[in-house]
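Good morning, everyone. Please look at the screen while I bring up the model.

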Amino acid sequence: MTRKSSVSWRKTDDVASRPWTGTVREYDLIKELIIGVVVVGLLVLGVSAIFGSPDEPSVSLKAWATSAPADFVGTAAKELAGTSDSAGYGPPYNSTAGATQNIGPVDLQSLSGVRLPIDTANDFVITPLSTLPSPPTALARWKAATAQQRSDWAAAYSDALAAAPDNDPAKVAAGDYGPVPALTGALLDMARQGSLDGVLPSGGNFYNMDYTRSLLFLGDGGYFPDLAASQHLSGDQWGVMNETGDTPGQSWLWLFSLLYQVEPFKSAPNADALVVVTMLVLTALLALLPFIPGLRSIPRLIPLHRLVWKDYYRNR
Amino acid sequence: MTAQATPGQGAPVDEADAHTLTGRARRWLLRKLPPDKLLPEDQPSYVMSWAYVFGMGAIASLLWIIISGIVLGLNGPQWYHVSSLGSFVNSTHLWSVELFFIFMVVHLWLKFWMAAWRGGRALTWITGVISFVVSIVAAFTGYLLQTNFDSQWIAFEAKDALNAVGVGAWFNVANLGQLFTWHVTLLPLAVGAVVVLHVLLVRVHGVAPPLEAAESDAQLLHSRPEPAEAAEPAEAAEPAEVPASAESSGTQPSGIEPRGAAQ
C-alpha cells in the first residue's frame, strides 16, 4: 500500500510514524558536534575580534545633575508634588487610582498589589537629604507642614519652573514655594557631589543590588530619555531590540517591538498589556501549531521542503 | 567470555527480569532510547542536506555561551568594563548569543517548512519552541546585566510591559540581585534542560522523513516491513542500492525484519 504522508502530528502507520527502514548513510554525531563547536568557536572569536561589543557607560545622577541641572530640579519638584510619572504609576510601586493598564475588565497589573512601594517625595528627595551630615533646615519646615501645604508648594514651584525661561531655577518668578526650592537645590548639590548615587538606591546602606529608585527617578526626567533617543533606543525607534551603536541587539524581539509601532497598539493607553498578551497568544499558537488545522498545512501548500529534500525527491 | 549465573556489576542484564522500580525505569529507558539510537552511526539517506546543520550550530553556540558566561560570571559584573580581556570575553558572549539565535531561528523555520512534527513528533516541536522562548528570556536578562547605559534603558523600558501584566513585582528588571539569580542560575538550567529533552526526543523519534516520502520510493521500496509469514531476508534486497555505511541501521526496529534486509 502506498500512502502519501500527511502533515498530522498523529502517530499512524505512515512513513513518518514508523522507524526508518530505508537506505541510510554514515553519520558521526560526536564528530559533527566537535566540528560544530570548532567552526562556531572560530566564528565567534573572529567576529568578536573584528566587531567587539559596545559598552556605553551608565548614566549617573551626578552626570544628570551636572549636564542638565534645570531638568534635574524640575523633576525633583515633580517628585515632591507627586506629579511625576513614578508618583502616579500604580502597582507595584504605589496605588494611584485609574493608573493601571486593563484589558477589558481584567486588571493584571493590580494582581501584585503595591509590592515595591515607592513614595517619590520621601524616597527620592526627603530621605536622601536626611542622610546628609548637615541636612538643610528646609527639611524641618517640609516635615512640619500638612500634606496639602506640601503639595501646594511643590506644585506651584513645579509650574513656575515649567514657565521659567529655559526652566532655569534662577529665573523662576517669585511665589509661595515654601521650602521646595531649598530642598531641590540641596538635592541638586548632593547629586553634583556624587553622593546621591550611593544614597538613593540603598537609603544609606553599604550593600545594594536594587536600582529601582534610581532608575525611576532618572526616567522621570528628560535627560535620560533624550540620551536613549539619541542612541535610537526609544520605544518609537523599536526600543529594546536595539543596542547602542551599530551592534545588533535583541533582534529576536522584532515582533514585540513591531506591535508597538502599529495600530491599535500604538495609540492604546494599555499598549503594554495588549502587546504582552498578544505575544503570549502568538507564542502559544507557535508551540501548538502541529495541532492547528490550516496552519500546519502551510508547508504542504507552499512546498519549500522540496528544496531541503531535493536529493531525496530526485532519486525517488 | 564466561557466562555468570548472577550478573556482576557491568555485566549484561536480562531486562525481562527487571522487577524493581529502578529496573523497570532502566528497561523503559532502554526500550525508548537504546544506545544505538542515542548515539547512532548512521542516519536515513534523506538526512543529507545543509538544512540539518542549524540545530547542531545552535548547540555549539550554546556551549560557547556557557563557557564565556562562566568566565564572565566568575570575574564579576565590573570586570569587563575595566579589562581588555574581559571586554573580549564579553564580546564572545554577545556574538555567541547572536549566532545561537540565528541558528535557532533558521532551524525553527526549516522545521516548520519540513512539517517536522509529523508522525508523533509534536512534543519535539513544542520543546523546540519552548527552548526558543526560554532562551529569549535568558538573553533578555543578560542584556539587563550589562551594568551600562544599554541595560539601564532596557530596564526602564521593559518594566512597563512586565508591570502591565503583574509580573514586574517579582521579576524586577531594576533589581540586579534578582537578575543574577535568573541569568546565571535558573534560566541557563532551564534552557539546558529543555534543549537536552529536545535532543533526546529527536533521537527517540528519529529525524522526520521527507513530506512526500512514499512507500513506493526507491529508498524504501525494497525495505518495507514484510508480513511475518512472508518475511524473506536478504535475498530480496538489491545490494547495488546499499551504501557501504548502511550495514547496521540503528533506526530499524528489531523483530520487524532482519538486519541487512532494510537495504
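How much area do chain A and chain B bury between them? About 10,100 Å². Of that, 67% is on carbon and sulfur atoms. Which residues of chain A lose the most area to chain B? Val24(A), Trp252(A) and Trp309(A) do. Together these three give 8% of what the chain A side buries. The size of an interface is often given as the accessible area lost when the parts come together.

One caution before we go on. This is a predicted model. Please keep that in mind for every value I quote.

Now count residues. The contact takes 111 residues from chain A. From chain B, it takes 110 residues.

What about charges across this interface? The rule finds two salt bridges between chain A and chain B. Find Arg306(A) and Glu212(B) on the screen. Their side chains meet in a salt bridge, at 2.7 Å from N to O. Polar contacts can be counted too. Across the interface of chain A and chain B there are 39 residue pairs in polar contact, with both residues at pLDDT 80 or more.

Which helix of chain A gives the most to the side that touches chain B? Helix 1, residues 29-51, with 15 residues. And how does that side of chain A divide by class? It has 62 nonpolar, 31 polar and 18 charged residues.

The chains also share strand pairing. Look at Glu26(A). Its bridge partner in strand 1 of chain B is Asp42(B).

Next, domains. The assignment for chain A gives domain 1, residues 61-230, and domain 2, residues 241-316. How far apart do the C-alpha centres of these chain A domains lie? They lie 41 Å apart.

Chain B has its own assignment: domain 1 covers 47-114 and domain 2 covers 117-209. Taken over C-alpha atoms, the centres of domain 1 and domain 2 of chain B are separated by 14 Å.

Let's stay with chain B and see how its domains meet. In this contact, 21 residues of domain 1 of chain B touch 21 residues of domain 2 of chain B. The area buried between these domains is about 1,500 Å². Carbon and sulfur atoms give 71% of that area.

Which helices of chain B supply the domain 1 side? Helix 3 (53-75), helix 4 (79-82) and helix 5 (84-113) of chain B each supply at least two residues. The largest share, twelve residues, comes from helix 5 of chain B. By class, that domain 1 side divides into 15 nonpolar, four polar and two charged residues.

Last, the backbone of chain A. Where are its cis bonds? One joins Pro91(A) to Pro92(A), with omega near 10 degrees. Pro92(A) is in the loop between helix 3 (69-81) and helix 4 (120-130) of chain A. Another cis peptide bond joins Glu263(A) and Pro264(A), with omega about 5 degrees. Pro264(A) sits in the loop between helix 11 (254-261) and helix 12 (271-287) of chain A.

Finally, check Asn167(A). Its phi is near 55 degrees, a positive value in a residue other than glycine. Asn167(A) lies in the loop between helix 6 (147-163) and helix 7 (180-192) of chain A.

That's my tour. Thank you.

How values were computed:
Residues numbered from 1 in each chain as written. Chains lettered and ligands numbered in written order. Predicted model: local features only at pLDDT ≥ 70, side-chain atom pairs only at ≥ 80, totals over all residues. Heavy atoms only, no water. Contact = heavy atoms within 4.5 Å. Buried area = accessible area lost by both parts, 1.4 Å probe. Salt bridge = Lys/Arg side-chain N within 4 Å of Asp/Glu carboxyl O. Polar contact = N/O pair within 3.5 Å; in protein donor to acceptor, adjacent residues only side chain to side chain. Helix = DSSP H or I, 4+ residues; strand = E, 2+ residues; numbered from the N terminus. Nonpolar A, V, L, I, M, F, W, Y, C, P; charged D, E, K, R; others polar. Pairing = 2+ DSSP bridges. Domains from an automatic or database assignment.
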